[in-house]
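Take a walk through this structure with the text below.

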Amino acid sequence: MTRSTGNIDSAHSQLGRSGARLSLPEASAVAERLYHVRALAFDLPSERDQNVLLESESGERFVLKLANPAERREVLEAECAVMLHLEPTGLTPRLIRTVEGSAIGMHGPQFVRLISVLPGTTLGTARFHTNALRQDLGRAVGRLGRELTSFDHPAFHRDFHWDLANAERVIGTYLPLVADTALAQRIAAFAAYHRAHVVPMLPDFRRGVIHGDANDYNVLIDEARQSVTGILDFGDMVYSHIVNDVAIAMAYVALSAADPLAAAAAVVAGHHETRPLTEPELQALFSLMCMRLCMSACVAAKQTAERPGDDYLRISQGPLARTLPMLAAIHPRFAHYTFRDACGLPPVPHAPRVMAWLAEQSARFAPLIGRDLRTTPVAPIDLSAGSALVSSEPSENTPAELDLRIQRRLAERGATVGAGGYDEARLIYAWPNEPTGTEPRTIHIGLDLSLAPGSPLHAPLDGVVHGFENAAAHHDYGPVIVLRHRTEGPDSVEFYSQYGHLSCDSLEGLRVGQPIAKGAVFARVGSAPSNGDWWTHVHVQLVTDLLDVACNVDGVVRASQRRVWKSLCPDPNLILGIRMEELPHQVPKSAIAAARHAHVGGNVRVSYGANPLNIVRGYKQYLYDDAAHRFIDAYNNVAHVGHCHPRVVRAVGDQLAVLNTNTRYLQEQLTEYAEQLTALLPASLSVCYFTASGSEANELALRLARARTGARDVIVMDSAYHGHTTTLIDISPYKHAGPGGEGAPDWVHRSPLPDVYRARGAHADPGSWFASRVGEVIADLAAKRRRLSGYIAETCPSVGGQIMLPKGFLADVYARVRAAGGICIADEVQTGFGRLGTHFWAFEAHDVTPDIVVLGKPIANGYPMGAVITTRAIAESFDNGMEFFSTFGGSTAACVAGRMTLQVTLDEELQRNALLVGERLLSGLKPLMGEFEIVGDVRGSGLFLGVELVRDRHTLEPAPDGATFVVDRMRQRGVLAGTDGPYHNVIKIRGPMPLSLADADQVVDTLARALRELPGRR
Ligand SMILES: Cc1ncc(COP(=O)(O)O)c(C=O)c1O
C-alpha cells in the first residue's frame, strides 16, 4: 500500500511505475496458485508496486504486492526479512509465505508477496488528530525503532535518495528548481541553519536500520480511539541516523496541525517514552523535521519541472507552503526546549543551574527598590483573569483607573509597594493584531512591582547593559533595559534581567556593554503614557536565553507553552526576595479538582470529564478560564441578560450594602417587582410567591394545586425534570426512571413526551394525538377512582431534548385536565423571559393560560431566586392558616436582582435579539441536516435550540457518543454547549440572551467543524 493518493510525496518514487499491470482476475488467480487464497481482487492506489486488495470468502483481507520490474530481489528479500523481524510488534503487516514456504513468490519473471491487512484508516485521511494520537505515533515509531536495533541487512546499506542524511545534497540539487522565490529563500535558510548547527553533530549520532518513511499515509490509526494501529511500507528502509525516523513522523504530523510545534512535540513525547532520545538528537530534531519538509518541496519542484501540467503536484504542496513559514517563525532553540519539555526534561538545559545559583545567592543581592523587600510591607496585586482589580470592560482598565484601584489596595494593606503577576493568566492583553483562531497570549511571565512614578531602581547584582530601547508602541514596554549577568563558580553561565515600563530618562546616556554595579541606580519607574501606556509599575523579568533578541523579550506568552517559558524566564522573585505570602496566590486546577474530590459529592458532576474547565470570570455571553481563554457560552440560560451584567451587579451590590432581609417586613422592592412581573402575565395570574430556587418553586406549585383541589395525584410528561427535591424527583421521570432512580410513586402518572421528531410523522395531528394520550391517563385515573390535583409540564421540555410541543397539544390537554378538576401548572423555569424570541412566555405560543406559572433560572440573572405566580382563588385556598415562609425567597436583594434583570431584558430588547440570533443559528444549523447523515433534527425557537444526532436516519438510533464528541470539540474551539435528551444525543444551544450574530456564526462554524471531524462519519 505504498503511497496512496493524497500524500505530498506521492510522486516521489525514484523508480516510477513501469511494466504491465495484472488484471484483477489475473491477480486473484495468482493468489490462489501461490498462496491457496481464494479471494476477490480490488485495485489499490499505489505508485511503485502494483497493489491489489484481496478479500477471501471467509472475510480475511490481504494485499497482493506485485513488485515493480525494476526492483532488485535483494531489496525485496530485505523488506521480507524486516517484516518477519517486526511481526511481534503487532504494528506491521504479517508476511504470508507461498504454499512452498517462500517469502517471495514468482509470477513469470515478476516478484510477488502477500501481506495481511492491518485494521485502521490512514493518518492522512483522518479528520481529526489529537496530541494523544500524535504521542501514540511517537510511541509506535519508537517501538519499531527499538525492534530494529537488532536487525540489519546489506541491502539497506545504500545511498538512498530519500535518506534524510542526504538532505543537504537533495536540497542543493533541486533548490534551483523551486519557482516560488520566497519558498526557495526559506528553504535555503533552513538548509543553512542545518549545515551550521546540525551537520557537525551528525557523525556522533546513533545509526541503524530505520523505517525511513513514517509519513501520514503509511501510518494506520483507530480514529475513534485516537491511537496508532500500524505502520506500513518498508520501501524506504535504509541504514541511517536512527533519529530520522521520529523526525520524519514529526514532519508529516506538523503539516496537518494548527500548531505544528505542539504537534511535533507530542510525537517526541511518545517516542521518548519507548525509545529515549539523546540530548544532541533532541537538539537536532527540529532542523531535521524541517529538512524533511524542505526535501519534499525540492523533489516536488523537480517533478513539476518534469510534469509541468500536473495539478496534483501543485495542490499537494499546499500544506508545505502553509507550514514552512510557521516553522520558520519558531526559534530552533525554542523548539529544542519544547521537545525537552515533552520528554519531561527541564526545557532550557542551563535554567536549573541559573535558578539554583540565584537561590543560593539570594541573601547577597541588592534590593531593587533600595529598600529590602524582605522587610518592606508589600501588597499582593492580583491582576489575573479572575481578579476583581480588573474590570471585564476593557475601557475601564485605563492606566489611571488601574493605578487608582492599586493605590486603594496598597492603602488597605498599609503598603507602598505592590507586587505580583509572575506566571499569571491575564485578560488585559487583547492584542489587536493577533491573528484570530490562534491561541492568545495571556500568561504574564515577569513580576510587576507597583511603585511611585520616578522611583529609582538599583541593580540587584553586577551586570552589563546588554540592550535597551524605547518600545514605544501602544501597550509595549515603553523604555526597557536588559542587563546581562553571569553565575559565579565552575560551569559559569550567562543570564539576563529585563526591566520594562521605565521612565524615558532611564535610557539617557546608557550604552551597550556599560557595566552596572550591584546596588547602582540604573533606571526609574515610568508612568503613562510614555511607559507603553500602562499603570505605574516596573516589569521585572529574568531570562535564561534571549533567543537572539537584544532586548524586549516577550513578557506575555501562550498558556500552552507555559512550562517552556517558565524555564526561559524563571521567577524574578529569585532576585527580589518578596515574602511568598505577600504575592498573589493562584490555586492550581489540579488542587481544586483534588479538594473537590475530597469534599464535594461525586454526583455533583463537572462537565468535560477528565479535562474540566476552571472558569474564573464571566462577562456578557462569554466565560473565561484560568488561562484567560475566552469561551462563548452557548449553554447557560441562567445568565439571562449576560454574565455579570453591570446594571444587575451594581443594583444588587448597592442593595446588599444597605439591606437584605426577608418577607416579614413590608418592602417596596418586593411589591414593585411583583407588580412588574404580574403586569407581564395574563391578568388572572396576579399573586406571587418568591422562593430561592426553581425546585422550591415547583414544590410550592404542587402544594398550591393540592390545597386548591384537595387531591394528590399529578400527571407528568415522560423525560420531564422539575427539580431535585424528594417530591420533585418523584414527578421527574428524567430522574426517577434514570440511573439511581426508584421509579414513580403511585400518585404520579406519566404521559408520553410529545416528541414529534421521534413520532416520525405517524400521526396526522400530533398535537391532538399526544393530548389524547394524556386523556387516556385521566380516564385511567377515573377508572381507578383516583382524583387529579394537577398536570405539570415544561412548556418546552428541555432535558427531554429541547422539544417544541406540537400545535394544539397544550390547549387540548389543559381542557381535559380542567374537565377532570385538575390544576394546570406551566414550568417556565427554562423558557421564560423572552427566550423563544417569539413570545415572552412559552405558554403564550400555545394560546393557553396556566393556573400556576413557575419561574426560576434566568429570573434574577444568577442571584438565587424562583417564583410561583397564580390566581387569587388558588392563593386563597392555600392561605389556610399555615404560614408560608421561605427564608431567602423574596429577600430584598433577590427582588432587586429580579427587577433589574427584567428591566435590562426589556431595555436591551433581548427578546428581539433572541429571535434574530435564533434565526441566524437555525439558518446555519438546518443545512447541516443535508450535509451530515448524523444530524437527524434541528429544532427550537430563539435561543432555545436542539440538534439531535442519530446513528441511523430510519431507526433514529441515538448517537450520544457523537453528541459528546461534538460538544467536547466545540469546547476545544472556544464554544460551550451541552448534551441532553433521554438518550443524551441532543446538542443543546441555550446561551445568554445577548449572544450576537457573530457568536451565532461561530457556534455554527464550530459545530460543523466538529461534525466534520467525527470519526467514522458518513
Ligand atoms: C424545567 C425545570 N424546572 C425546575 C428546575 C429546578 O430548578 P433549580 O435547579 O433552581 O432548583 C430545573 C432545573 O434545571 C428545570 O430545568
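Predicted model: local features only at pLDDT ≥ 70, side-chain atom pairs only at ≥ 80, totals over all residues.

The ligand is surrounded by 13 residues. The closest are G694, S695, D827, Q830 and K857. Residues are numbered from 1 along each chain as its sequence is written, and side-chain values use heavy atoms, with hydrogens and water left out.

Look at the polar atoms around the ligand. A polar side-chain atom of S695 lies 2.5 Å from a ligand oxygen atom. For K857, a polar side-chain atom lies 2.9 Å from an oxygen atom of the ligand. G694 uses its backbone: a polar atom there is 2.9 Å from a ligand oxygen atom. On its own the ligand has 390 Å² of accessible area (Shrake-Rupley method, 1.4 Å probe). The protein covers 85% of that area.

Which helix gives the most to the shell around the ligand? Helix 19, residues 694-709, does, with three residues. Helices here are DSSP runs of H or I with at least four residues, strands are E runs of at least two, and both are numbered from the N terminus. By type, the shell holds two nonpolar, eight polar and three charged residues. Gly counts as polar in this scheme.

Now turn to the cores. A nonpolar core is a set of buried Ala, Val, Leu, Ile, Met, Phe, Trp, Tyr and Cys residues joined through side-chain atoms within 4.5 Å. Buried means under 20% relative accessible area, with a 1.4 Å probe and protein chains only. The largest nonpolar core has 160 residues. Within it, I187, L285, M289, F339, L449 and F522 touch the most other members. Helix 8, residues 279-306, gives the most to this core, with 15 residues.

Follow M289 next. Leaving aside neighbours within four places in sequence, M289 is in contact (heavy atoms within 4.5 Å) with A247, M250, A251, A254, A264, L327 and F339. A second, separate core has 98 residues, including Y673, L681, Y791 and L949.

Finally, step back to the chain. Its secondary structure comes to 30 helices and 39 strands. Of its 1018 residues, 56% count as buried. The C-alpha trace spans about 100 × 90 × 50 Å along its principal axes.

Definitions and conventions
Near = heavy atom within 4 Å. Polar contact = N/O pair within 3.5 Å; in protein donor to acceptor, adjacent residues only side chain to side chain. Buried < 20%, exposed > 50% of the residue type's maximum accessible area, 1.4 Å probe, protein only.
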